[in-house]
Amino acid sequence: MKKYHLLFAFFLFFHLLNGQNPNPPASDPLLTPDEAVRIALENNYDIRLSKGDAEIARLNNTKANAGMLPTVNLVAGDNVGLNAFQQQNLADGRKIEAYGAVTNVFNAGVQLNWTLFDGRRMYIAKNRLEQLEALGQLNLQSQVQQTTAVVLQAYYEIVRSRLQERATTEVITLNEERLRIAEARLAAGFAAQTDALQARIDLNQRRADLLNQQILTDAAKRALNRLLVRPPATPFSVDENLNNTYAPDRAALLQRMTAQNAVLLSLQKNAQVAALIVEENRTLNKPRINGIAQYSAQRSDNGTGFLLNNTQTGLVVGASLSIPLYTGGNLQRQVDVARVQAQQADLLVEAQRATIETELDNQLTFFTARKQVLALEEENVRNARESLNVSTERFRLGQTNALEVQTAQNTLEQALTRLNLVQYEMRTAEIGLRLLSGDL
């Protein structure tokens with residue numbers, strides 16, 4: 001009997017050694033998590049759109065857009081008139097009458113307009129444009145981190161599915177061994193035919209489970225290819241490893257969350273922009289001084305009359321002053337609305353800070369619990385394999401029935417499934433914690 005134990009243990013160890021290889025040979029090129037993230041950051045549509053928004057904010061951040069620089073315009077005009085009848089009475093008593101007289105007035109000039117004072121509105125506007133440019137970069141950073149998290153979750157979903165395939169393959173091999181034993185005992189007259197039939201039914205069911213799992217793996221690969229903006233059928237293999245050595249610390253995570261969380265920083269920048277809009281609107285009731293300079297030339301031609309043509313050139317310099325005296329309370333309304341919007345922006349910051357801190361605690365609790373469950377499930381897998389080893393050998397020697405082996409196989413299959421799921425959940429929890437702390 002000891003000889004049979006040794007032979008079976010050797011067979012099972014050899015099978016598990018081949019089935020548990022974390023990186024089996026594959027014809028498809030290996031895609032690592034880092035490589036997947038790199039491809040996504042280069043090609044993902046959402047990131048490219050965010051880059052465009054950030055570039056627009058950068059282009060808008062100019063002194064001219066804030067109203068700090070003058071505008072210079074070239075103006076010109078030419079007016080031609082046809083008078084049906086024209087009569088002029090001169091001082092010396094002469095009278096000039098003309099029919100169909102043509103007049104032509106041409107003017108051209110260069111005009112300069114420059115806001116010299118507007119209650120510091122232009123400087124506040126420039127500061128607001130700078131904050132909007134910074135906000136564009138923060139929004140881009142947030143999109144990069146969100147995309148990174150989604151890509152990694154999609155990647156590890158493929159890994160989880162592949163590990164489930166391996167677990168099902170292991171169970172299939174064990175079912176094949178159980179079927180061989182049942183058929184051998186049936187041929188020797190030591191067992192009923194139902195044992196062999198049930199073993200074959202279970203084997204076919206596990207083979208069907210493997211096919212279904214392979215379909216899920218292919219669908220997960222297509223989903224990742226879509227995130228990477230690649231053709232859905234692009235072949236690749238993954239690093240089939242869900243081992244986790246991440247050790248989160250709440251105090252450190254909370255500190256990094258406050259300093260690095262892109263969503264929180266974006267809301268804070270929005271609040272700063274809203275506060276600047278309040279200051280801008282407060283300057284609307286201040287005096288406004290515009291400087292004006294124009295160099296122009298004008299020539300007028302008359303078809304008849306005492307003055308046949310007149311030409312003028314010269315430089316004009318001046319300034320205009322505008323002071324709002326009464327606007328029906330409209331300016332104050334704009335200030336009040338901007339103030340309420342600034343208060344709302346501050347509330348959004350506080351609400352987001354509370355939300356992500358709560359989510360941080362939830363993810364930490366979940367990660368810690370999954371880590372404890374992982375140790376239990378690893379022990380369950382070891383015990384289930386040992387139990388199946390003993391039950392299979394007892395069945396081989398005729399000391400038990402096929403039901404005990406079937407139960408042991410089902411127990412191992414369930415333990416492997418739970419183990420893979422726990423490992424995947426720990427990975428997704430790690431990704432969530434890194435996203436909240438701005439570490440992605």
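Mentor: Leucine 264 lies in helix 7; helices here are DSSP runs of H or I with at least four residues, strands are runs of E with at least two, and both are numbered from the N terminus. The model is a predicted one, in which local features need pLDDT of at least 70 and side-chain atom pairs count only at pLDDT 80 or more, while totals for chains, interfaces and linings use all residues. Residues are numbered from 1 along each chain as its sequence is written, and side-chain values use heavy atoms, with hydrogens and water left out.

Leucine 264 has a relative accessibility of 0% and therefore counts as buried. The term buried means under 20% relative accessible area, exposed means over 50%, and partly exposed covers the range in between, with a 1.4 Å probe and protein chains only. With neighbours within four places in sequence left aside, leucine 264 is in contact (heavy atoms within 4.5 Å) with Met257, Thr258, Val349, Gln352, Arg353 and Ile356.

The protein chain has nine helices and six strands, and 37% of its 440 residues count as buried.

The largest nonpolar core has 38 residues; a nonpolar core is a set of buried Ala, Val, Leu, Ile, Met, Phe, Trp, Tyr and Cys residues joined through side-chain atoms within 4.5 Å. Helix 4 (121-187), helix 6 (250-260), helix 7 (262-282), helix 8 (330-396) and helix 9 (402-436) each supply at least two residues of this core. Helix 8 gives the largest share, 13 residues. Leu360, Leu412 and Leu433 have the most contacts inside the core. Beyond its neighbours within four places in sequence, leucine 360 touches Leu253, Leu254, Met257, Leu433 and Leu436.

Helix 8 and helix 9 pack with their axes 7 Å apart, at an angle of about 160°. The two helices are therefore roughly antiparallel to each other, a label for angles over 145 degrees.

Key
Axes are lines fitted to C-alpha atoms, for helices over the stretch in contact, and angles run from 0 to 180 degrees between N-to-C directions. Angles under 35 degrees count as roughly parallel, over 145 as roughly antiparallel, 65 to 115 as roughly perpendicular and the rest as oblique.
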